[in-house]
Amino acid sequence: MSLTRHFNRGRDLARTAGDHASDMVAPLTVIGRGLRAHADWAKVRWAATPKDHRGPTAFLTAAVLLGIYLLPHGPLLALVALMASATWVGRTLKSAPAQPEADVADVKLTALHAALTPYLGGVDELSPLYSLDGSYKSAFSAWEFDGDGRLTSLDLAYPAYFTDTEPGARARIEQVVQGKAGRAREYRFDWEEESNRLRVTALAPLPADITAQPFVTTPGEIVLGFTDALGSHRTIPVHRDGGTVQQPPVIWRTGARSAEPHLLALGAAGHGTSTLIRSIALQALRYGDLVVIDGAGTGEHACLVNRPGVHTVETSLHGALAALEWAAKETERRIVALNAARHHGLTPPEDVTRPLWLLLDHPTELTELAHAEGRLDPQELLETPLRQGRAARVTVVVADDLEARDRLSPTVRATTRARVVLGPTGPEVAQLALGAPLDIAPAAQTPAGRGYARIGTAAPVRLQVPVTVDPLDEEAPALLRDAVIALLPHRDTRTEAAAPAQPPAQAQAPTGEPVGSSVSGPGGGPGVELTKDPSPVRPRPVW
């Protein structure tokens, strides 16, 4: 017999002997485990017994043991009872099979189906899609969940008799779906009225860390903010997280050929309307002049004071009236000059073709003050710039609170065809602010600068305004303040040293762009260009 066969046979014999020994020792193991449990119980009881009771307890135990010993067959019966008790206590109980975890889709979709039943269920329908005893699989055709068990997409059918053309009926369904799927995210609702289907998609949050920077745009284009891939067919490079990435922007085109020459921005308090004004001002100063009216008087735009290209920054009612009166006369002057140039076939002068921007932050505050003092409403002076501003290259931007929408003049609401709403809003408020129903359910909590934009007759899109802090705000991070300072027309005298004057021969770059003074950064290294050559021909304010 070979060595291998001897080895295999010995291994089988050893395994058989081990199995028999295990079967023989198993009862002793169970009894030993039970006796150890009894001993542990006795120790715990003895430790828990007060010291003054331990003597009587020991005497009573000894009396019981003596009584058992004196009984006929007492010790044998006590031993049998102890072994039986130890066997019972020392046995190994088989754990009950674990209950299978409930499917997240079954739990959440069942709850959503039940929540939609009161709105989409029919009483007299033979085979309803939504019923109290029905299954969600009859109405939901496709769904997806992420790794955290949150609903990301859902495709559902609804009855043909549902009034899907009424905004109120749609809003109720969207509110129910968002409540069951989670209000911390935004959801896009695509209603297919022809096939009675609704597609729900959870939207990824927009990047909220894009800072103020020079954007790649042409003259007359303003980057209001950034959106998702569905909201724009164009991308531009932006600096983010130390690198350059492509982001889809929300572009507002201004100028003589723009169909939406003026902008109205409404938002909740503290959600970025003043930030939007600063962002637009920094972009407009590259090619035009500014008149800024700060109706709230909080000093949010004090960084623009005495900057090249900025005619004035007014915070008082008297100054605002004077500035707007000059803007109205300037608009009329530009119209006359342009018509005369066209009539004679001449090139219009530069002082009438250079864009002029009127930026009004919270003008309704000045309106209330004017009514209290019995003076002219500043919004009445916007009639001429709003109605004739496109031909005269005058652009008006108005930003105010959502609650102040009714206090805006009818002319402002009628002529501002570019709309922005910032902050948490409901369907009705968003429709009033944008002029069209919003097919996106806003999240319950939104960061500053987060909202929606609608340019002309286009569909509303999501919007995240670039982070453009007030550089005079000492509580803002230094990096964000430096980014805004770098975009201002000239250097900030608080932090930068005086720049050497440029020779006249170097006043124009080969590319045609104006070149400013070079400012050295900390440590003597190269800095950023913080100056800008003003236009050689500019209208002078009359106040």
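## Salt bridges across the chain

This model carries 23 salt bridges in total. Please keep in mind as you read that the model is predicted. Side chains of opposite charge can pair when their charged atoms come close.

Start with Arg 253 and Glu 221, whose side chains meet in a salt bridge with an N to O distance of 3.4 Å. Arg 253 belongs to strand S8 (residues 249-253) and Glu 221 to strand S5 (residues 221-226), so the pair links distant parts of the chain, 32 residues apart.

Next, look at Glu 300 and Arg 278, which form a salt bridge whose closest N and O atoms are 2.8 Å apart. Glu 300 sits in the loop between S10 and S11, while Arg 278 is part of helix H6 (residues 273-284), so this bridge ties together parts that lie 22 residues apart in sequence. With a relative accessible area of 25%, Glu 300 is partly exposed. Arg 278 has a relative accessible area of 6%, and because buried means under 20%, Arg 278 counts as buried.

Glu 368 and Arg 407 also meet through their side chains, in a salt bridge of 2.9 Å from N to O. Here the link runs between distant parts of the chain, 39 residues apart: Glu 368 is in helix H9 (residues 363-373), and Arg 407 is in the loop between strand S13 (394-401) and helix H11 (410-415). Both partners are partly exposed, Glu 368 at 38% relative accessibility and Arg 407 at 39%. Beyond these pairs, salt bridges with shared partners join Glu 186, Arg 188, Asp 228, Asp 439, Arg 450 and Arg 462 into one network.

## The second largest pocket

Now for some empty space. Rolling a probe the size of a water molecule over the atoms shows where empty space is left. The second largest pocket has a volume of about 540 Å³. Its lining is made by 26 residues, and those nearest the centre are Pro 167, Ala 171, Glu 174, Pro 427 and Leu 438.

Which elements give two or more residues to this lining? They are helix H5 (167-181), strand S3 (186-192), helix H12 (427-434) and strand S15 (440-441). H5 gives the most, with seven residues.

## One cavity

How many cavities of 30 Å³ or more does the model hold? The count comes to one. The largest cavity has a volume of about 30 Å³, and its lining consists of Pro 207, Ala 208, Asp 209, Ile 210, Phe 226, Gln 464, Val 465, Pro 466 and Val 467. Of these lining residues, seven are nonpolar, one is polar and one is charged.

## Two asparagines with positive phi

Asn 196 has a phi near 55°, a positive value in a residue other than glycine. You will find Asn 196 in the loop between S3 and strand S4 (197-203).

Asn 306 has a positive phi too, of about 60°, although it is not a glycine. Its place is in the loop between strand S10 (289-294) and strand S11 (310-314). Is Asn 306 buried or exposed? With a relative accessible area of 69%, Asn 306 is exposed.

Leu 35 comes from helix H1 (residues 3-48) and is partly exposed, with a relative accessible area of 33%.

Finally, turn to Ala 483 in helix H13 (residues 478-487). Ala 483 is buried, at 17% relative accessible area. The C-alpha atoms of Ala 483 and Gln 213 are separated by 6.7 Å, although these two residues are 270 residues apart along the chain.

How values were computed. Residues are numbered from 1 along each chain as its sequence is written. This is a predicted model: local features need pLDDT of at least 70, side-chain atom pairs count only at pLDDT 80 or more; totals for chains, interfaces and linings use all residues. Side-chain values use heavy atoms; hydrogens and water are left out. On a 1 Å grid over the protein atoms alone, a cavity is a set of points where a 1.4 Å probe fits but cannot get out, and a pocket is an open set with protein on both sides within 12 Å along at least five of seven lines; lining residues have an atom within 4 Å of a point. Grid points are joined across faces, edges and corners, and a volume is the space filled by probe spheres set on the points. Helices (H or I, at least four residues) and strands (E, at least two) are DSSP runs, numbered from the N terminus. Buried means under 20% relative accessible area, exposed over 50%, partly exposed in between (1.4 Å probe, protein chains only). A salt bridge is a side-chain nitrogen of Lys or Arg within 4 Å of a carboxyl oxygen of Asp or Glu. Ala, Val, Leu, Ile, Met, Phe, Trp, Tyr, Cys and Pro count as nonpolar, Asp, Glu, Lys and Arg as charged, and the others, Gly among them, as polar.
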